[in-house]
Amino acid sequence: YQDKEEVVLWMNTVGPYHNRQETYKYFSLPFCVGSKKSISHYHETLGEALQGVELEFSGLDIKFKDDVMQTTYCEIDLDKAKRDAFVYAIKNHYWYQMYIDDLPIWGIVGEADENGEDYYLWTYKKLEIGFNGNRIVDVNLTSEGKVKLVPNTKIQMSYSVKWKKSDVKFEDRFDKYLDPSFFQHRIHWFSIFNSFMMVIFLVGLVSMILMRTLRKDYARYSKEEEMDDMDRDLGDEYGWKQVHGDVFRPSSHPLIFSSLIGSGCQIFAVSFIVIIVAMIEDLYTERGSMLSTAIFVYAATSPVNGYFGGSLYARQGGRRWIKQMFIGAFLIPAMVCGTAFFINFIAIYYHASRAIPFGTMVAVCCICFFVILPLNLVGTILGRNLSGQPNFPCRVNAVPRPIPEKKWFMEPAVIVCLGGILPFGSIFIEMYFIFTSFWAYKIYYVYGFMMLVLVILCIVTVCVTIVCTYFLLNAEDYRWQWTSFLSAASTAIYVYMYSFYYYFFKTKMYGLFQTSFYFGYMAVFSTALGIMCG
């Protein structure tokens, strides 16, 4: 900024403190606007439009390094309806958010006295702005001027601005919004260490089981090779070698199966890339930049989905590859957009700022059809041609082998339910931090932790599914594809159950809008996580 240059105070949204996502336009409450009208224009990004950022000009005249004494900028004619609106807002602990130079400022609308009969409005916004050189590095708001809400009176709204020199560097100006005591708590370090020990234990266990048992199995099978035919017919063959003629039989519903596998590979790629970008660039400093980045990366990694899904479908002898490509491309976008659409209806009914504008919806649909689909097609064609030929080491029998009776705990359903416990155990403390940053007012910035947890999750999932598949094949059940996918994907069920616990015991949310928003998007998050693990 140059001296005396205009500094814009944007009003963003107002809403109840306990429901972070239930926000309304600031001027949906009967606040009044300052006198200054002309203003440089503001362009919003795709991420901001989806997250319900509604910036409106406050009309306050602020100039760089120009102190303003307490000045009245407008007055509110308080009739019965306006008073009721303010009383409702104060009862529900409404507070508002503003921005100066992309720095967020929060303030409370008003307060009630102890017995809850009289309601007071804060009318005086006292701004203290710190500058370092020609840049704004710090903003503080003090709300003063408590005025009792009495119908049919005039309430004067005032503001003052004080500029002071600050030693904060421009790069570090966001540090005061971060909460190191919360995110870098000993428990956080401890949980990572804990998961890490679990990984070492699991990897050791898996390699030991496989090495020892497989060596034993090989010894047994090679001993049987040496016997003559007479002994072999009397010998008791059992175990995984029995199903060698059926183990490469295509899975049931290969179309859905390969679409899920392709989508899972894509979600993993997106998570990996976005976390790396977030570690390098501080994405939390810009409104909506995290979401915009994720959408862009998702669209760009579509060939991954096509490649893995298409090649798997071809190897399983699938014929309808175009249908598979469409399902693979639109599985995740349809799930996310479907949920968003449903929640959007409630948001529109509430007149909340979270209601997604029609133009933004069209933009997202265009990304799906004109970016994701063509890239997916490229991936599918590559996958079919490069690795679409089945190269199985042994022939598939013409007649499926009957599956013998097995103990109840070897049934696929039981294996699937047990498989998700360990991966969930390795990530659930990180889930708490991620949930808190999304559903409460904390800014998540420890992406290094998130990366570690993602790696740990991968290793644990791999180990668990190897063991599950080994048990299943040993019980001479060759239907391993869906079991191996679902025994990892069942993590999603545990995460969703945890989100219920979090809702009832860790938050104070209420109301239809926030509840449906919470459970809708938690379902999307859990499902995506499950598909990724699977």
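Mentor: Let us begin with contact, which means heavy atoms within 4.5 Å. In this predicted model, Ile256, Phe257, Leu260 and Ile261 in α6 meet Gln481, Trp482 and Phe485 in α14.

Trainee: How are α6 and α14 placed relative to each other?

Mentor: Their axes lie 12 Å apart, and the two helices pack at an angle of about 35°. The crossing is left-handed.

Trainee: Why is Ile332 called buried?

Mentor: Buried means under 20% relative accessible area. Ile332 has 8%, so Ile332 is buried. This residue belongs to helix α9 (residues 321–350).

Trainee: Which residues is Ile332 in contact with, leaving aside its neighbours within four places in sequence?

Mentor: They are Ser263, Ile267, Tyr298 and Ile531. Ser263 is 69 residues from Ile332 along the chain, yet their C-alpha atoms are separated by 7.1 Å.

Trainee: What makes His253 exposed?

Mentor: The term exposed applies over 50% relative accessible area. His253 reaches 57% and therefore counts as exposed. His253 sits in the loop between α5 (229–234) and α6.

Trainee: Which residues form the nonpolar patch on the surface with Phe268?

Mentor: Phe272, Ile273, Ile276, Met279 and Ile280 form the patch with Phe268, and together the six have about 510 Å² of accessible area.

Methods. Residues numbered from 1 in each chain as written. Predicted model: local features only at pLDDT ≥ 70, side-chain atom pairs only at ≥ 80, totals over all residues. Heavy atoms only, no water. Patch = residues over 30% accessible without salt bridge, like charges linked within 9 Å, V, L, I, M, F, W, Y side chains within 5 Å. Areas by Shrake-Rupley, 256 points an atom, 1.4 Å probe, with all protein chains shown as cover. Salt bridge = Lys/Arg side-chain N within 4 Å of Asp/Glu carboxyl O. Helix = DSSP H or I, 4+ residues; strand = E, 2+ residues; numbered from the N terminus. Buried < 20%, exposed > 50% of the residue type's maximum accessible area, 1.4 Å probe, protein only. Axes fitted to C-alpha atoms, helices over the stretch in contact; angles between N-to-C directions. Left-handed = near helix turned anticlockwise from the far one by under 90°.
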